[in-house]
Amino acid sequence: MSRSGVPITLSHPRWSDLTRWPLLGRFLRLRHARTIAQTVLLVLAALVLYDGFFGPPIAPKNLAGVLPWVHWRGLVVLALLLAGNLFCFACPFMLPRRLAQLLFRPRRSWPRWLPGKWVAIVLLVTFFWAYEAFDLWASPLLTAWVALAYFVAAFAIDGFFRGAAFCKHVCPIGQFNFIGSLVSPTEVRIRDASVCQRCRTKDCIRGRFDRDGRLVQRGCELGLFQPAKVGNLDCTFCLDCLHACPHQNVGIRWRFPLRAETDPDSLRSGIGRLSGRHDWATLVVVLTALGFLNAFGMVSPVYHFLRWLSQTLHVTREPVLLAIVFAGGLAVLATCVTLASLATRWLLPTPSPRWSGMRFVYTLAPLGFGMWSAHYLFHFFTGALTVLPLAQQFAVDVTGRALLGQPAWHLASLLSVAATTDLVVIVLALGYFGSLFWTMRLGSRYRLGFIALLPWLGLNTLLFLFGIWLLGQPMEMRGTLLG
């Protein structure tokens with residue numbers, strides 16, 4: 001029986017819902033569970049900021065030079081692959097945002113002339129270009145400034161606009177997590193559809209109010225109405241819907257990744273139809289291209305290519321050369337998508353190239369995330385143990401005493417390079433098979449023959465082979481003294 005008195009029947013086994021697990025479920029059902037998790041990461045972020053501004057300038061010996069670029073990125077993709085969007089759930093940038101909402105009570109809506117994901121897409125491209133052009137990974141001071149700017153941006157934007165404008169329209173990390181969570185094995189969703197049909201208050205999206213009309217629990221600020229929500233896109237795992245539901249009819253459920261998210265024509269609450277969203281389609285292309293470009297920027301052939309490009313164009317400034325490489329990489333993938341759309345139309349009478357492009361472009365998402373995961377996990381498994389000497393060095397820097405012992409700088413790899421290489425190839429292959437699975441599902445959904453799918457199968461295969469080649473190249477060991 002729910003607290004509203006509406007009877008609910010839980011036909012699913014207890015293990016299939018994380019919120020019904022004995023200890024974890026009890027924690028997740030706490031109203032302030034998210035705040036507790038955010039506070040932990042806020043403390044870590046404060047340590048990173050302190051060491052970035054005042055610690056040693058050598059990146060492998062500074063928390064700001066290692067934790068964000070080795071540990072945080074690796075753990076983000078591990079969480080997305082094995083659990084769900086945990087890092088949006090525990091996002092420390094949301095604490096100043098909530099402070100801003102309390103202070104300023106924003107009532108303005110996000111500008112209609114900046115719809116969807118376009119701002120986030122521009123920021124994503126700018127950030128990853130700046131990451132390579134200014135060697136953010138090698139500068140603890142610049143890393144600290146970037147983190148501080150993120151806190152300020154979340155505070156300013158959500159102090160000015162109501163709702164979750166920063167998460168929905170601006171946050172590049174959030175968009176990365178949204179796309180990555182397509183392959184996650186969990187999802188926030190309802191337990192019993194009939195309970196939602198009988199519900200009259202819709203607290204999961206409107207919020208819950210007391211008798212005096214005061215809001216006591218927010219509903220989903222990203223506009224995801226639980227009964228009509230499909231998959232993980234735009235879901236930050238904030239669990240506001242879970243706490244707002246008076247029928248206790250929302251949980252975190254295990255699922256088969258991708259199966260419920262492959263139809264771009266399904267109507268998704270808060271999003272609409274993906275087949276009509278150019279911003280989402282562009283986001284997938286951009287994130288896929290950036291995944292390969294980011295990895296390309298860390299292998300030795302990139303230096304030969306930049307030298308050749310410099311001699312050919314008579315351009316010597318590295319930021320300009322990298323801007324050309326990034327623009328070229330994005331243009332190449334966009335051209336390939338266009339050619340695949342035209343080829344599909346030529347092989348089979350689909351309504352138009354745009355019709356196939358706006359549907360099959362999403363099949364790139366699993367492979368693109370597979371490339372990101374392979375790259376980030378390579379650095380994580382070859383540098384995870386650096387957290388121990390870093391903590392020892394931090395204690396020495398702050399107190400002047402070796403409270404945790406002398407820094408053991410010989411510690412770095414969690415796995416051998418050979419084992420790590422095998423593992424990341426498997427991760428990339430899983431992304432590739434995810435893309436093939438999505439392509440075949442769309443072929444079945446629209447009753448297209450195998451021949452019509454060949455352009456997209458071929459594009460995914462070419463990208464996969466390029467990824468295998470990248471992972472086989474000598475890669476910089478950033479974040480360790482081996483780098």
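This note goes through cysteines, a helix, a strand pair, salt bridges and aromatic rings in a predicted model.

1. **Cysteines.** The structure holds 0 disulfides. Cys167 is in none, and the nearest cysteine sulfur, that of Cys171, lies 6.4 Å away. Cys171 has a closest cysteine sulfur too, in Cys91, but at 6.2 Å that is too far for a bond. A disulfide needs the two sulfur atoms within 2.5 Å. Cys167 is buried, at 10% relative accessibility. Cys171 is also buried, at 8%.

2. **Helix H3.** This helix covers residues 63-82 and has a kink of about 30°, centred on Trp72. Of its 20 residues, 15 are buried, so H3 is largely enclosed by the rest of the structure. Look also at the start of H3. There a side-chain oxygen of Asn62 comes to within 2.7 Å of the backbone nitrogen of Ala64.

3. Asp234 sits in the loop between strand S3 (215-217) and helix H12 (240-244), while Lys168 is in helix H8 (residues 165-170), so the pair ties together parts 66 residues apart in sequence. Both residues are buried.

4. Arg218 pairs with Asp240, and their closest N and O atoms are 3.8 Å apart. Arg218 is in the loop between S3 and H12, and Asp240 is in H12 itself, so this contact ties together parts 22 residues apart in sequence. Arg218 is partly exposed at 22% relative accessibility, whereas Asp240 is buried at 8%. Arg214 and Asp210 also meet in a salt bridge, at 3.0 Å from N to O. Arg214 is exposed, at 52% relative accessibility. Asp210 is partly exposed, at 25%.

5. The whole structure has 31 aromatic pairs. Tyr50 and Phe54 form one that is tilted, with 5.4 Å between centres and 50° between planes. Both lie in helix H2 (residues 33-54), 4 residues apart, or about one turn of the helix. In an α-helix there are 3.6 residues a turn, so residues three or four places apart point the same way. Tyr50 is partly exposed, with a relative accessible area of 38%. Phe54 is exposed, with 62%.

6. **A stacked ring pair.** The rings of Phe360 and Trp456 have centres 5.7 Å apart and planes at 15°, so they are stacked. This pair links distant parts of the chain: Phe360 is in helix H16 (residues 353-360) and Trp456 in helix H20 (residues 450-471), 96 residues apart. Phe360 is buried at 0% relative accessibility. Trp456 is buried at 0% as well.

7. **A ring cluster.** Ring pairs also join several residues into a cluster: Trp69, Phe127, Phe128, Tyr131, Phe176, Phe369, Trp372 and Tyr376.

Notes
Residues are numbered from 1 along each chain as its sequence is written. This is a predicted model: local features need pLDDT of at least 70, side-chain atom pairs count only at pLDDT 80 or more; totals for chains, interfaces and linings use all residues. Side-chain values use heavy atoms; hydrogens and water are left out. Buried means under 20% relative accessible area, exposed over 50%, partly exposed in between (1.4 Å probe, protein chains only). The bend at a residue is the angle between axes fitted to the seven residues ending there and the seven starting there. Helices (H or I, at least four residues) and strands (E, at least two) are DSSP runs, numbered from the N terminus. A polar contact is a pair of N or O atoms within 3.5 Å; within protein, one must be able to donate a hydrogen and the other to accept it, and residues adjacent in sequence count only if both atoms are side-chain atoms. A salt bridge is a side-chain nitrogen of Lys or Arg within 4 Å of a carboxyl oxygen of Asp or Glu. Rings of Phe, Tyr and Trp (its six-membered ring) pair if their centres lie within 6.5 Å; planes under 30 degrees apart count as stacked, over 60 as edge-to-face and the rest as tilted.
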